[in-house]
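Before reading this briefing, please take a moment to look over the sequence and the structure together. The notes below are grouped by topic, so that each point can be followed on the display.

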Amino acid sequence: PTYENWRAADGYLSETLVGHDPALEAALAAQQDAGMPAIEVAPVSGKLLNLLVRMSGARRVLEIGTLGGYSTIWMARGVGEGGRVVTVEAESANAAVARKSIDAAGVGERVDIRIGRAADVLPTLVGDFDLVFIDADKESNTIYLDWAARLGRPGTVVVLDNIGREGEIANAHSADSMVVGTQHALRMLGEDPRFDATALQTVGLKGWDGIAIALLV
Ligand code: DHB
Ligand code: MG
């Protein structure tokens, strides 16, 4: 198998299970037009976030790292009417683009975008969140996991993006600060008694990467 096979299979799965979605496609176009990098989650992963929100019955979701609002829209759809997504974004220009896309997707009243560095914004939030999605600067991943534990409750679902990194995650001598930050986070998920976690590698439209999924115990 090659990356081309994996990309083709992921495209097939996206087409078959996710389908055409004008609001999400518009959000990605706006993100690209604004010059943001195309580092949002893949369609099948966005749908997974939506399903995890619904499977866990989450009504209050915290997202760390909004970017153009792609995953935000997926999760905002999942919380249903009366549900809330608080999403934290460091770049106010990104937040403005995300705001428009989220409103255009029809879920604006469910989404509260907090602008600022997450390390500054998180201490101002009040729990309990039912699900936390961490997808921001990887160097701060352990800080974000700690806040997820503090702002959650037993039963809260925590999802951490980008745990595979083309296999670099297994390199004990990595000089990449994003890899090292994620290695620290994975060690925390394995050792910190507040979490019970696993991880899945993904290959597809976004290359070779993965997500960790944890339950607060
Ligand atoms: C990158 C990818 C991501 O999904 C992310 O959240 C941050 C960075 C990257 O490839 O650089
Ligand atoms: Mg990511």
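Two residues are in contact if their C-beta atoms, placed from the backbone, lie within 7 Å. With that in mind, helix α4, which covers residues 70–79, lies across the strands β1 (60–64), β2 (84–89), β3 and β4, and runs at about 160 degrees to β2. Please keep in mind throughout that this is a predicted model.

**The sheet**

- The strands form an open sheet of seven, with mixed pairing, and their order across the sheet is β3-β2-β1-β4-β5-β7-β6.
- At the edges of this sheet stand β3 (111–115) and β6 (195–204), each of which pairs on one side only.
- Neighbouring strands of the sheet are turned against each other by 15 degrees on average, when the direction is ignored.
- Within the sheet, β4 (residues 131–134) and β5 (residues 157–161) run parallel and are joined by four bridges, and in this pair Leu131 of the chain stands opposite Val157 in β5.

**The nonpolar core**

- In soluble globular proteins, nonpolar side chains tend to be buried together.
- The largest nonpolar core of this model has 58 residues, and Ile134 and Val158 are those with the most contacts inside it.
- Leaving aside residues up to four places away in sequence, Ile134 touches Ile64, Asn141, Tyr144, Leu145, Ala148, Val159, Leu160 and Asp161.

**Two helices in contact**

- Two packed helices are described by the angle between their axes and the distance between the axes.
- For helix α7 (residues 141–151) and helix α8, the axes come within 8 Å and cross at roughly 35 degrees.
- On the α7 side the contact is made by Asn141, Thr142 and Leu145, which meet Gly181, Thr182, His184, Ala185, Met188 and Leu189 in α8.
- The residues of this contact between α7 and α8 divide into four nonpolar, five polar and no charged.

**The surroundings of ligand 1**

- Ligand 1 is surrounded by Ile39, Asp135, Asp161 and Asn162, and this shell divides into one nonpolar, one polar and two charged residues.
- Ile39 is placed in the loop between α2 (22–33) and α3 (43–55), and Ile39 counts as partly exposed because it has 14 C-beta neighbours inside 10 Å, a number that lies between the limit of 12 or fewer for exposed residues and that of 20 or more for buried ones.
- Ile39 and Arg153 are 114 residues apart along the chain, and their C-alpha atoms are separated by 29 Å.

**Backbone features to look up**

- Most residues other than glycine have a negative phi, and most peptide bonds are trans.
- Leu67, although it is not a glycine, has a positive phi of about 50 degrees; Leu67 is found in the loop between β1 and α4, and counts as buried because 26 other C-beta atoms lie within 10 Å.
- Arg165, which is not a glycine, has a positive phi of about 50 degrees; the place of Arg165 is in the loop between β5 and α8 (177–191), where Arg165 counts as buried, with 20 C-beta neighbours inside 10 Å.
- The peptide bond that joins Gly127 and Asp128 is cis, with an omega of about -5 degrees, and Asp128 is found in the loop between α6 (118–121) and β4.

Note on methods: Residues are numbered from 1 along each chain as its sequence is written. Chains are lettered from A and ligands numbered from 1 in the order in which they are written. This is a predicted model: local features need pLDDT of at least 70, side-chain atom pairs count only at pLDDT 80 or more; totals for chains, interfaces and linings use all residues. Helices (H or I, at least four residues) and strands (E, at least two) are DSSP runs, numbered from the N terminus. A nonpolar core is a set of buried Ala, Val, Leu, Ile, Met, Phe, Trp, Tyr and Cys residues joined through C-beta atoms within 7 Å. A residue is near a molecule or strand if its C-beta atom, placed from the backbone, lies within 6 Å of it. Ala, Val, Leu, Ile, Met, Phe, Trp, Tyr, Cys and Pro count as nonpolar, Asp, Glu, Lys and Arg as charged, and the others, Gly among them, as polar. Two strands pair if DSSP finds at least two bridges between them. Axes are lines fitted to C-alpha atoms, for helices over the stretch in contact, and angles run from 0 to 180 degrees between N-to-C directions.
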